[in-house]
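Take a first look at the sequence and the model below. A short report follows, taking one part at a time.

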Amino acid sequence: DDVVAQLILRALGAQRGTELPRNPEEADPEKMSAKECGAYGEQLLDTGQWQAAERFFFAQLEKGEQACDPDQRCQAAGALGRLCRERGDFRQAMALYQQALSLAERQGDRRLMGVIYDGIGSTYLMQGQYPQAIEHYRKGLEIDEAAGDERDLAADYGNLGTVYLQQGDFDRAIEAYEKSLEYSIRIGADQLSANQYNNLGEVFRRQGRDDRAVEMYHKSLGIMLRLGNQQGTAQSYGSLGTVHGELGDLDAAQRMYQKALEIFQRIGDVPNAALTYGNLAIVHKQKGEVARALEYYEKSLKIKERIGDRHSAANDYFNLGALYRDLGEREQARAHLEKA
């Protein structure tokens with residue numbers, strides 16, 4: 001299964017422009033307000049510093065509870081839900097999102113409800129549950145259209161584009177991504193622009209328009225490097241690896257995937273590390289290095305089964321079955337294909 005463009009990341013209550021410490025080791029949540037803890041946690045999460053982000057989200061939650069502030073409790077629960085989702089803990093992510101949604105509904109805060117609907121949609125998307133993902137993304141889109149928030153609309157159209165991409169509806173995916181890119185460029189949201197360049201590259205790649213795909217991926221990579229976004233940088237390297245592989249430059253593909261894998265492992269992005277193992281397996285199979293291909297497929301499968309990603313696990317079982325079949329090991333092939 002290819003590395004797919006990362007889902008649009010939504011900030012829950014981050015206070016843009018707030019002067020906050022650059023080094024999380026020097027930051028003291030005890031000296032920060034709940035709102036500042038949440039804002040700083042979002043900055044850390046967006047740049048792949050997940051462990052540090054978790055510390056500040058828990059501080060935001062604790063301060064919100066102590067102050068009987070449902071708004072901060074809601075934002076902290078939603079942010080922790082997003083963190084769990086990115087780590088592949090979908091069950092915990094959904095529980096946290098539902099908690100946040102209940103608090104937002106109780107307050108009548110429709111903007112927060114829209115953000116949480118998007119988070120729930122992304123959790124369903126990462127599990128391959130597309131109808132549920134579209135349902136929740138559209139709920140968020142309706143709220144943001146009524147509010148006229150262009151940043152949120154950019155994220156909404158990007159999310160819908162990703163579902164259409166996964167379903168193979170490329171024309172609707174391009175339309176949604178271009179709408180998102182239009183909004184993000186207009187408001188100067190570089191992170192969102194980078195995401196949409198990467199997403200458009202993925203659509204063009206799947207259409208066989210490799211030159212356009214490489215162009216889009218490099219635009220995304222340039223922005224991600226400038227922003228210092230480790231996860232986004234890894235995503236772009238992975239995407240470039242896929243294009244190089246399809247163009248037959250297997251050594252370049254392997255280099256790109258290895259760069260991506262190193263970053264995903266360093267920041268603890270378990271789902272994308274699993275996908276990258278799968279992509280490296282494909283490259284080694286194409287190079288005739290069967291033992292390495294089996295090793296990487298097994299590493300990928302082990303992670304996907306552990307985090308409950310049945311959709312992607314099915315792909316690995318199928319790929320392993322096909323590989324065993326080519327090796328003449330019919331019983332192993334049958335067992336894996338039946339599992340798939």
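## Helix H11 and its ends

Which residue just after H11 takes a positive phi? Gly248 does, with a phi of about 90°.

H11 covers residues 230–246, 17 residues in all. From its first C-alpha to its last, H11 reaches 25 Å. That is close to the 24 Å expected at 1.5 Å a residue. H11 is mostly covered, with 14 of its 17 residues buried.

## Confidence

The chain has an average pLDDT of 88. A score of at least 70 is reached by 91% of the residues. Among the elements, helix H8 (residues 170–187) has the highest mean pLDDT, 97. Helix H1 (residues 34–46) has the lowest, 86.

Residues 1–19 have a pLDDT below 50. Beyond near neighbours in sequence, this stretch has 71 contacts in the model. Where pLDDT is low, the predicted coordinates should not be read in detail.

## The nonpolar core

The largest nonpolar core holds 100 residues. Phe56, Cys74, Ile116, Ile120, Val163 and Leu200 have the most contacts inside it. Helix H12 (residues 250–267) gives the most to this core, with 9 residues.

What does Ile116 touch, not counting residues up to four places away in sequence? Its partners are Cys74, Tyr97, Ala100, Leu101 and Ala104. One of them, Cys74, is also listed with Ile116 among the residues with the most contacts inside the core.

Glu86 sits in helix H3 (residues 70–87). Is Glu86 buried or exposed? Its relative accessibility is 2%, so Glu86 counts as buried; the cut-off for buried is under 20%. The side chain of Glu86 makes a polar contact of 2.8 Å with the side chain of Arg85.

Lys285 belongs to helix H13 (residues 270–286). Lys285 counts as partly exposed because its relative accessibility is 33%, and that class runs between 20% and 50%. Leaving aside neighbours within four places in sequence, Lys285 is in contact with Ala293, Leu323 and Asp326. Lys31 is 254 residues from Lys285 along the chain. The C-alpha atoms of these two lysines are separated by 53 Å.

Terms used:
Residues are numbered from 1 along each chain as its sequence is written. This is a predicted model: local features need pLDDT of at least 70, side-chain atom pairs count only at pLDDT 80 or more; totals for chains, interfaces and linings use all residues. Side-chain values use heavy atoms; hydrogens and water are left out. pLDDT is the predictor's confidence in each residue, from 0 to 100. Helices (H or I, at least four residues) and strands (E, at least two) are DSSP runs, numbered from the N terminus. Contact means heavy atoms within 4.5 Å. Buried means under 20% relative accessible area, exposed over 50%, partly exposed in between (1.4 Å probe, protein chains only). A polar contact is a pair of N or O atoms within 3.5 Å; within protein, one must be able to donate a hydrogen and the other to accept it, and residues adjacent in sequence count only if both atoms are side-chain atoms. A nonpolar core is a set of buried Ala, Val, Leu, Ile, Met, Phe, Trp, Tyr and Cys residues joined through side-chain atoms within 4.5 Å. The expected span of a helix is 1.5 Å times one less than its number of residues.
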